[in-house]
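Okay, thanks for making time, everyone. I'd like to walk you through what sits inside this protein and what sits on its surface, so let me put it up on the screen.

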Amino acid sequence: MPGEDYDNDYGEQLDSLATIDEELKGYLSEGPTDWVEPVYEPDYSTAIVVDNLPKVPKDKYEKLLGYVRKIYQQIGPLAEDGLQMPVDDATGMTQGYAFINFFARDSAEKAIAATNNWNFDKAHALKVNSYVDLVRTMAHPETYTPQPARPLTTVPGLYAWLKDAQFRDQFVVRHGRDTEVFWAEAGGTPELVYGGEREKAAGQGRFWCDQYVAWSKTGAYLLTYHRQGVALWGGPNFEKVARLAHHGVALAHFSNTDRYLVTYSYPQVPGDGPGHVVVWDVERSISVQQQVALRSWPVEPYGKGNYFKWSHDDKYIAVGKSAYLRNPQAAQAAMDESGGGGGLPGHQKQVSMGGVGGDGVMDDVEGQISVFEVPSMELLDRKSIRAEGLRGWDWCPKSNLLAYWAPEKQQQPARVVLVELPSKKEVRRKPLFHVEDCALTWQNEGEYLCAKVTHKKRQSKKKVSLELFRIKEAGIALEMVELDPTPVQDFAWEPAGHRFALLHGEDAHPFTVSFYSMLQPVTGQKEVTLLHRLESPKARTVNKLLWSPNGSIIVLANLTEGSTLEFYDVDTQSSLAKRDDLSRIDYLKWDPSGRYLTDAIQQPMGNSYYKYSYDNGFRVWTFQGTLIAHIEKPQFYMFQWRPRPPSLLTAEQQRKVKKDLRKYERRFDKEDREKEMNKKREEWRRKGARRAEFRSFYARRREEMMARKEELIALQKGYDDEDPDNYEVRVVTRRMVPLGEPEMAGQ
């Protein structure tokens, strides 16, 4: 028997131990009773189950097996006998599923993310799961036992800060080891709201956060980054409301309504494993007090820096995929080698290594946009939007409409395309010719889209044109504006308005700022009109345009080592204020109300080089350009205004508020005067207290000196230095004549 042979062999090995030196014998087992056979734990993490395959007869078995193998070998090498497709003995037909075993666990994870819900053919969409999940599911009892209901958790006061009686805004700063949230004050000195006092009180050197922080889109949450993941804080006292584990998280993006969150991790060094993208349901994670992840993808198919983007209502999340978006530098180099034709040299549409994308569809390197429905995270219509040569895209801020552009390729011109969701209907296409680059910019109300097109150099100059789409017009009307053959450095729409500003000019010369309107200012007709242009000698040397959230006011900034700011009123075409004596500025942002502008000098976190610590801190300006606060902080890392949610007022209600603005203005002016007077009273009180303290000290010391006066006079041999009779007073008058006086000229 096999078992008896095993025992005999084992006994012979024990007998041979008798000849071993006694000193070494102590390290060996005393006998067979001390040996415990190890329990074998199989590792199924490299195996997957592919379901919903076609059911075919034996004569087509090898063909189907070869096709399945071809697909999954692109993702990673298979183990020996790593593909098994069971057959029904009774019918001879395949059973519609297969078991696949990879050499590496990472390959199995990529395969699940890449081919789950992928359209194998017109009638079959694959369902791919981990074999570990299958074993775990089969281990569940047949009879369902309901779990006791858990109470749902709510966070009170998420928007309590909006009820501030003085209608102030908040901001967060990171400096040193501190993270602090402040109220912005009209008087200048911010008022601290919370600075991590609970964490500091816990002792053991704890702090609120040791990395960067970020507000959510509506300002409901403050997100803090940690090595293990991210934490969300909310409510009047900034209590921790959720913790989402994502090791090595480097970036996080909230959806537009704050219901969802996307986190990204990237491998820092070889061996860290693949980076991942994870979509979280924030509301459910808070309410059930558990981490609710909707879906995860590996980063590799998309490339670092290629981010998922949310639709305005959070119904969809989408990501663009192309060779350019995955690696812009390599794709551009390939295009240059091929003569700028817009495609990769010698490219053929084929299934190749890495040819299955992380969205569950075949990865066409020519370009596609994958749109997922939320919260199901199913690919919309089970297929992506084909966008050959995709270079850039974005959602409309107010409707489920997305725009993308792609360069020329072979005989196909470059194009800007608008696609409506969920129908995926192409509602507008604009062909473009001789295109070198294109930048898409939506107006924040979604009424207009600008495609800034840079054409290839002709006659030693690059031509620039603006393709302006009127989204709400029937058929989406389009107008083109041709510009002078000078580079356009910046483009900015006026928020909630019809105007836009252009910054153009050569690097070696002063820039010109031009202001246009989508409406004719006199007749109101829908016609692009040049309003005015700031040219020499009024030309400003700037490299950044920043409109106030309320419009009308725009900041013309020069963000260099010697920075400048100019506050310009577009309505009156006048400069409100200009500052030329500023050090370098690397952050410039309006507050949500448009009352204040903040510039900051920040240093990279973890870098103590002196170059980054000079004049660190931030300044707060009014919209008229008056400096009201300048706060310097060593090791200053970041400043960020707290966003406000979209207004719930209708357009008519907003017009009524603006009409009654004088009434509110008088009220706010009165409150500001009272606040300023209270500050002055407090200052007077402090000064009075210090004055009284000094007078008391002086009187006490005077009394002590008078008590010793006789002793002091005796020490000075009878001389009293406080007696005026001991001094001789003389008055000397001298005339001072400035040089160059006529009466001195002849002397």
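So, the largest nonpolar core has 24 residues, and Ile48, Tyr72 and Ile100 are the ones with the most contacts inside it. Keep in mind that this is a predicted model. Which elements build that core? At least two residues each come from β1 (47-51), α3 (61-73), β2 (78-84), β3 (97-102) and α4 (105-115). The biggest giver is α3, with six residues.

Take Tyr72. Leaving out residues up to four places away in sequence, Tyr72 touches Ile48, Val50, Leu78, Ile100, Phe102, Ala111, Thr115, Leu126 and Val128. There's also a second, separate core, with 19 residues, and that one includes Val262, Val319, Phe372 and Met377. As a general point, nonpolar side chains in soluble globular proteins tend to be buried together.

Phe697 sits in helix α11 (residues 661-707), and at 41% relative accessibility Phe697 counts as partly exposed.

Now, cysteines. How many disulfides do we get? The count is zero. The cut-off is sulfur atoms within 2.5 Å. For Cys450, the closest cysteine sulfur is in Cys438, and at 8.4 Å that's too far for a bond. Is Cys450 buried or exposed? Buried, at a relative accessible area of 1%. Cys396 is buried too, with a relative accessible area of 1%.

Definitions and conventions: Residues numbered from 1 in each chain as written. Predicted model: local features only at pLDDT ≥ 70, side-chain atom pairs only at ≥ 80, totals over all residues. Heavy atoms only, no water. Buried < 20%, exposed > 50% of the residue type's maximum accessible area, 1.4 Å probe, protein only. Helix = DSSP H or I, 4+ residues; strand = E, 2+ residues; numbered from the N terminus. Core = buried A, V, L, I, M, F, W, Y, C linked by side-chain atoms within 4.5 Å. Contact = heavy atoms within 4.5 Å.
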